[in-house]
Amino acid sequence: MENDIAIENLPTHVAIIMDGNGRWAKSRGEKRLLGHKAGALAVREITTYAREIGIKYLTLYAFSQQNFGRPADEVKGLMQLLVEYVKGEWNTIMDNGIRLTAIGDIEALPLVTRTALNSLIKASAKNSAMTLCLALAYGGREEITVAMQKLAKKVAAGELAPEKITKELISENLYTAAMPDPDLIIRTSGEMRISNFLLWQLAYSEFYITDTLWPDFHREEFLKALKAYAGRERRFGLTSAQISAENT
Ligand code: IPE
Ligand code: IPE
Ligand code: MG
């Protein structure tokens, strides 16, 4: 497909809440896991497309901390699917110069999943065309809690003065320390909520919500989201006149 997005308007970091796999399967009279398998194909399509058009960071919400509460067979199936994903996508990730990273309570994942994931994270560490960040066993509140505990320990040890706790220091202690905040957040399947995703980092992100279910989310719809983003004016609390003056 033609890339007709003005390059200066491309978001640097896109984060996606990939929702609707279960409903996609249900509408076909299939088991939920089939929806997750179809979702993995959409991950491949969107990842390679994002890389192609020059997105630098793509974060995908694949499994929340709260998703551990789903029926055991679904959790098991998703964890197995992740192992298959790593094996199946290995060459695509390496051939496209994509660096894989992960955020979340990675230690909480089953050993096989963690091992597979870590092997590709390690192998792709020097790639630089795009960072693909998978949010796994991820929760925004949990992330902030862990960061607060780290900082509180330093304060208690006399290594950090409370007034030295800045917004920047908090950002540096989150799982996402090495990444800029998302410019654009996309949620599929029409739900109007954050579901514990990147609570700190989304402060000024632009939202794009579509009714399309994740397995049906193809490059055309992604392009539509990018076009919507390109037409937005990000004001960060200022007035429109101030923003126009800044840009001239
Ligand atoms: C998103 O799809 C994938 C995960 C949360 C793992 P869902 O599984 O939440 O699909 P719906 O929302 O039930 O349709
Ligand atoms: C959010 O989807 C988590 C992921 C996409 C991984 P959920 O389906 O878990 O969110 P809720 O339960 O509808 O809020
Ligand atoms: Mg859902």
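Predicted model: local features only at pLDDT ≥ 70, side-chain atom pairs only at ≥ 80, totals over all residues.
**Entry 1: ligand 1**

I began with the surroundings of ligand 1. Its shell holds Met18, Asp19, Gly20, Asn21, Gly22, Arg23, Arg32, His36, Ala62, Asn67, Arg70 and Leu78. I sorted these residues by type. The shell of ligand 1 has 3 nonpolar, 5 polar and 4 charged residues.

Next I asked which helix gives the largest share of the shell around ligand 1. It is H1, with 3 residues. Helix H1 covers residues 21-26, and helix H2 covers 32-53. Each of these two helices supplies at least two residues of the shell.

Then I looked up polar atoms around ligand 1. A side-chain N or O atom of Arg23 is 2.7 Å from an oxygen atom of the ligand. For Arg32, a polar side-chain atom lies 2.8 Å from an oxygen atom of ligand 1. Asn21 uses its backbone instead: an N or O atom there lies 3.2 Å from a ligand 1 oxygen. On its own, ligand 1 has 370 Å² of accessible area, and the protein covers 87% of that. I also checked the pockets. Ligand 1 sits in the largest pocket.

**Entry 2: ligand 2**

I moved on to ligand 2.

Around ligand 2 I listed Ile17, Met18, Asp19, Tyr61, Ala62, Phe63, Ser64, Asn67, Arg70, Arg187, Arg193 and Ser195. By type, the shell of ligand 2 splits into 5 nonpolar, 3 polar and 4 charged residues. Strand S2, residues 57-64, gives the most to this shell, with 4 residues.

For Arg193, the distance from a side-chain N or O atom to a ligand 2 oxygen is 2.7 Å. For Asn67, a side-chain N or O atom is 2.9 Å from an oxygen of ligand 2. For Asp19, a polar side-chain atom lies 3.2 Å from an oxygen of ligand 2. The protein covers 78% of the 390 Å² of accessible area that ligand 2 has on its own.

**Entry 3: Asn173**

Last, I looked up Asn173. It belongs to the loop between helix H6 (167-172) and strand S5 (184-187). A polar atom of the Asn173 side chain lies 2.8 Å from the backbone oxygen of Leu169.

Notes
Residues numbered from 1 in each chain as written. Chains lettered and ligands numbered in written order. Heavy atoms only, no water. Near = heavy atom within 4 Å. Polar contact = N/O pair within 3.5 Å; in protein donor to acceptor, adjacent residues only side chain to side chain. Areas by Shrake-Rupley, 256 points an atom, 1.4 Å probe, with all protein chains shown as cover. Nonpolar A, V, L, I, M, F, W, Y, C, P; charged D, E, K, R; others polar. 1 Å grid on protein atoms, 1.4 Å probe; cavity = no way out; pocket = protein on both sides within 12 Å on 5 of 7 lines; lining within 4 Å. Sits in = over half its atoms within 2 Å of the grid points.
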